[in-house]
Amino acid sequence: MSVESITIPASREQRPADLPVWQIRVGTRLSRVAAVAGIVLVVALAALPAIASRNLIQDLIFVLTMLTLAQLWNVLAGWGGLVSVGQQAFVGLGAYALFAGIVTAGLDPVAAIPLAGLFAALVAAVLGPLLFRLEGPYFAIGSWVAAEALRLICAQFKSLGGGTGMSISPSELSQMFGLKAVQALLGLRPAAARDVLVYWLALLLAVLVTLGTYAFMRSRHGLALAASRDNAAAARSVGVRTARIRHLLWIAVAFATGMVGAVVYLQKARISPDAAFSVTDWTAYVIFIVVIGGVRTIEGPMVGVLLLWGLVTYLAQYGSLYLVVLGTLAILIMLFMPRGVWGAAARRWQLQLFPTQRWLGRSR
Amino acid sequence: MSGFDTIIEGVLLGGVYALFALGLSLIFGIMRLVNLAHGDLILLAAYLVLSASTALGLPLAAASLLVVAVMFVLGFVLQRLVLERVLGDDILPPLLVTFGLSIVIQNGLLLGYGADSRRLQAGAFESSSVTLAPGLSVGLAPLTALVTAIAAVALLQLIFYRTSLGRAFRATADNPAIAQLMGVNERNVYAIAVGLSLAVSVIAAVVFGIRASFDPSIGPARLLYAFEAVIIGGLGSLWGTLAGGIVLGLAQAIGGRINPEWQILAGHLTFLAVLMVRPRGLFPARRT
């Protein structure tokens, strides 16, 4: 499954037949096993609502949406070098666009999700050129300022609840696309069926974003992105359009982040500016997941989100103390295990489930 | 006359923002480090002063001096034990470590002091005012904030351009490798810079804590105001940072006068507008 294979052209002279031709490869034997296991896991997760409790489904919605956000931030900050601390902006915009679509335009909630993503992407396209004027670390705080400004602007819309927020009544969601089918299929009440529908949407987004990231990082565009981060001048000298690729990535990530925001708030059915634009919920947790799991790997966020889920389950009752523990853990990992849990394990045991690194091998 | 009041209020508010920004600007300039925990460290300083003045019964000035010393040492140690390990070409690790620190300090303060609003008690000083002209009087505390900001900038300029420590700062900022060859101890210079940044933040915290009430959750907003002041003013110039703080203060005061809900938003939008029109800030350093 070597997606990207560049054979080195044979030289003009006659080449002895036994000399090996070198190839750049990304796949490993383990990665082919992992691909099959991944498909099995996704099918199992899709079938899970048939037997799982409503609590587990709600937990898994949290896990899947956080995983998606973490994968997105990992591409943006890890591979792309655009260290944003303002991703809550796009979660919030997606959520608010969803509510506006349902309440004011009377759209079907499921149809409103991609529109919410488009709205977030549109705002990102406008903000991008402005924020890209801030280099590296300054971009981080700049994106945070933008998110705060958007939070305050959303709080101005009285029709969407202003500063205190609003709820969508269950009756407005009862006609949602697919809800009746889920109710009939699994024999559930409307509220539980809505959770299952949201769960499937979250699963779909998580799979699409993970596969998309994986395919992107293995493509030549992914290589171009990594090159723009490592050395923009050198990348430009070999023909990479660094500004364009970053801008497009920023917009694409905002699009997907906006859809995640819409899915999360479709399940919550209650929104407020402070919650939808929360830096702790939508950026600190996400960064924690990526840092603990391992930056610049596809597997890292998966490991990280499972660890976060465990910590949330056992420690969330302690409130502030729990966040102190999370923060301290993230700092210690950054200091002593900068590749994260997965990165360290992968290095030690040569594990590559979803390899994105290229290596030189002999072709057969 | 009320328009004039708003302008005075904005300028005085700008003094506080400039004080927030100085510490951030200092380590921006010398180490290229963006400290995402800056706002929470200001809050930590405010709470330490509060504790020193209430628990130890010290007068506010003595408590502040004590905390200046404590925070300087804390900054020195923080750089040596934590930040030093993550500084490098990759911008991700220092950002993530300081972001983690921000979460730890904010929630640590919440655990230690609770979510209630607090205020530093400065006795009669808080409410007294001075008359500048007939019919125009300003609060003594806000005026002191602005004067303190100007004094702090002047003092930092003096350190930067008139002392051997300042020379070491500037040399290390320009080229750490060459500075080291000339006998500058880079590790110490960086640690002193972080210490100095936190020491200045104590002054910001005291001035702010007398004027307004504070609670553990408002640290990040202080970071954003500080950052906006630095960028509006222009990177690499301390007087520019003071001007940036005043521009931000004016924007907030004018926005708040039009509609109280727009106060903070007006500041953010001004920042974005400056970024659009003059991305290098209003008063950038003339260095190339």
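The pLDDT is the predictor's confidence in each residue, on a scale from 0 to 100. The structure described here is a predicted model, and the complex was given an ipTM of 0.91 and a pTM of 0.91 by the predictor. For chain B, the average pLDDT is 91, and 99% of the residues score at least 70. Among the elements of this chain, the highest mean pLDDT, 96, belongs to helix 2 (residues 38-54) of chain B, and the lowest, 78, to strand 1 (residues 129-133) of chain B.

Chain B contains 11 helices and 2 strands. Their order along the sequence is α-α-α-α-β-β-α-α-α-α-α-α-α. The radius of gyration of chain B is 19 Å, close to the 19 Å given by the globule rule for 288 residues, so chain B is as compact as a globular protein of that length. Along the principal axes, the C-alpha atoms of chain B fill a box of roughly 60 × 50 × 35 Å.

Of the 288 residues of chain B, 51% count as buried. Among the contacts in chain B with a separation of 6 or more, 73% are between residues 24 or more positions apart.

The largest nonpolar core has 199 residues, of which A:Leu98, A:Ala262, A:Val263, B:Ala45, B:Val49 and B:Ala193 touch the most other members. Helix 8 (residues 186-211) of chain B gives the most to this core, with 18 residues. In soluble globular proteins, nonpolar side chains tend to be buried together. Leaving out residues up to four places away in sequence, B:Val49 touches B:Ala63, B:Ser64, B:Val67, B:Leu120, B:Ala205, B:Val206 and B:Gly209.

Notes. Residues numbered from 1 in each chain as written. Chains lettered and ligands numbered in written order. Predicted model: local features only at pLDDT ≥ 70, side-chain atom pairs only at ≥ 80, totals over all residues. Helix = DSSP H or I, 4+ residues; strand = E, 2+ residues; numbered from the N terminus. Rg over C-alpha atoms; globule rule 2.2 N^0.38 Å. Buried ≥ 20, exposed ≤ 12 C-beta atoms within 10 Å, placed from the backbone. Contact = placed C-beta atoms within 7 Å. Core = buried A, V, L, I, M, F, W, Y, C linked by C-beta atoms within 7 Å.
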